[in-house]
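Visitor: I'd like to walk through this one with you, a few questions at a time. Shall we bring it up and get going?

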Amino acid sequence: FAPWNDEAAVPLIQFDGVSKKYGDFLAIDNIDLKIYPREFFALLGPSGCGKTTLMRMLAGFEEASAGKITIDNKDMAGIPPNKRAVNMMFQSYALFPHLNVVDNLAFGLKRSRMAKSEIDGRVEEMLRLVQLQKFAKRKPHQLSGGQRQRVALARALAKAPKLLLLDEPLGALDKKLREETQFELMDIQEKTGTTFVIVTHDQEEAMTVASRIAVMDHGKLVQIDTPDRVYENPNSIYVAGFIGDVNIIEGRVSHLAGEEAQLCWAEGTSDIRGMAGPKIQKGEEAAFAVRPEKVALSVQEPIERNNRVAGRVEDIAYLGNMSTYYVRLENGNLIKSQVANDRRISRRSVTWNDQVWLSWSDTAGIVLPSG
Ligand code: ATP
């Protein structure tokens, strides 16, 4: 499933040069975006970057200041929310407290003047979809947070919208329930075939549920890619740092050939070899980004590796299944190495102040334009 790689695929949603201004403030800055039918698309970015604004424009609560938004090949300019094949589920769930689950689900359908038998069938189908048949007669206050969340989801899907917008849908749930619910969401999305666009602060959540992620920064879409591409091939230091943990080493590009780049970074140290990121140039300043789990730690010098450097263990964070070692290099850089805590490795004996070697493969990290 990768319609974004198929030139003949027809997007469900298209943004062409869309901007949104609030007074003088540019909240959305000239974005182009295509989202395809059946995608589970995540918008990720820090607070205030414009995620909610983008969703509200899709739902029809905000008009674009410039550019064009189409849904299902129809220009959305001037089309009010209730005339769009779009529904939005809010974090607060907004269930009617005095209505039971069935009546909450039926509410919107009754307003659309559907026949009663059809409404009953649809409600039954929705209850089954979110596995709440047993709770049909309960009122919202008689349900757990997770169950309320499922009622809200069922209600949002009852009218079979083509597009469902989810603004921090799992924000109110605790970590464990949140993780379980992510899989339920994916399952429900697949069963209904609805296109989901989700806003989340939580990068792990976006990585888990989404077919593609758009990373936003100050109203711009800085990278739109599959979760693994965003993680393994970030196109900027900003994206590398926003998704997961990363070591950054500043330097200057000393060699650039095809997909290989080298970074000169410290006197008396060999150049770092890595993958060539976009928009870097030989002789220019750049930064090398490598994930802590790709940096190996050893007591002996790993002479078989090109990228190796010595340092001293400054801190160790024990995380149960793994530990993060903070290693200070002679030139002052602090590099994190994250290693699994399994018994096979004598690394367990490495402790504070020990001299160690860090090493990584030539393709473990990427050279990017400096932040
Ligand atoms: P959060 O994750 O905190 O919800 P967000 O990425 O969803 O943030 P938006 O709510 O889209 O961000 O807001 C983007 C920017 O636009 C913010 O700087 C916000 O202050 C501004 N903004 C949003 N709505 C309005 C408005 N009605 N009038 C003026 N400025 C607004």
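Guide: One definition before we start: a residue is buried when its relative accessible area is under 20%, and exposed when that is over 50%. Keep in mind too that this is a predicted model.

Visitor: Fine. Which residues of H5 are buried, then?

Guide: H5 covers residues 175-192, and its 18 residues reach 26 Å from first C-alpha to last, close to the 26 Å expected at 1.5 Å a residue. With the under 20% cut-off in hand, the list for H5 reads Arg178, Thr181, Gln182, Leu185, Ile188 and Gln189.

Visitor: Why do the buried residues line one face of H5?

Guide: Look down the helix axis, with Arg178, Leu185 and Ile188 among the buried residues. On the other side of H5, Lys176, Phe183, Glu190 and Lys191 are exposed. The buried residues of H5 line one face because, seen down the axis, they fall within an arc of 140°.

Visitor: What covers the buried residues of H5, and which residue with a positive phi follows the helix?

Guide: The cover includes helices H3 (116-129), H4 (145-157) and H6 (203-209). Strands E3 (40-44), E7 (163-167) and E8 (195-200) are also part of that cover. As for the residue after H5, its phi is near 70°, and it is Gly193.

Visitor: Let's move to H2. Which residue caps its N-terminal end?

Guide: H2 spans residues 101-111, and its buried residues are Val101, Asn104, Leu105, Ala106 and Leu109. H3 and H4 are among the elements covering them. Just after H2, Arg113 takes a positive phi of about 60°. At the N-terminal end, a side-chain oxygen lies 3.1 Å from the backbone nitrogen of Val102, and the residue it belongs to is Asn100.

Visitor: Now the ligand. Which element gives the most residues to the shell around it?

Guide: The residues around the ligand include Phe25, Ala27, Pro46, Gly48, Cys49, Gly50 and His201. Strand E2 (25-35) and helix H1 (51-59) each supply at least two residues of that shell. The top contributor, with 3 residues, is H1.

Visitor: How far is a side-chain N or O atom of Thr52 from an oxygen atom of the ligand, and how much of the ligand does the protein bury?

Guide: Among the polar side-chain atoms here, one of Tyr22 lies 3.5 Å from a ligand nitrogen, and one of Lys51 lies 2.8 Å from a ligand oxygen. For Thr52, the distance to a ligand oxygen is 2.6 Å. Taken alone, the ligand exposes 640 Å², and the share of that buried by the protein is 59%.

Visitor: What about Ser211, buried or exposed?

Guide: Ser211 sits in the loop between H6 and strand E9 (212-217). Beyond its neighbours within four places in sequence, its contacts include Phe1, Trp4, Phe41 and Pro227, and its side chain makes a polar contact of 3.0 Å with that of Glu39. Its relative accessible area is 17%, so Ser211 counts as buried.

Visitor: Last one, stepping back: what share of the protein chain's residues count as buried?

Guide: The chain has 8 helices and 20 strands, and its C-alpha trace spans about 80 × 50 × 40 Å along the principal axes. Among contacts with a separation of 6 or more, 66% come from residues 24 or more positions apart. Of the 371 residues, the buried share is 46%.

Definitions and conventions. Residues are numbered from 1 along each chain as its sequence is written. Side-chain values use heavy atoms; hydrogens and water are left out. Helices (H or I, at least four residues) and strands (E, at least two) are DSSP runs, numbered from the N terminus. The expected span of a helix is 1.5 Å times one less than its number of residues. Buried means under 20% relative accessible area, exposed over 50%, partly exposed in between (1.4 Å probe, protein chains only). The arc is that of the directions from the helix axis to the C-beta atoms. Contact means heavy atoms within 4.5 Å. A residue is near a molecule or strand if one of its heavy atoms lies within 4 Å of it. A polar contact is a pair of N or O atoms within 3.5 Å; within protein, one must be able to donate a hydrogen and the other to accept it, and residues adjacent in sequence count only if both atoms are side-chain atoms. Accessible areas come from the Shrake-Rupley method with a 1.4 Å probe; for residues, only the protein chains shown count as cover.
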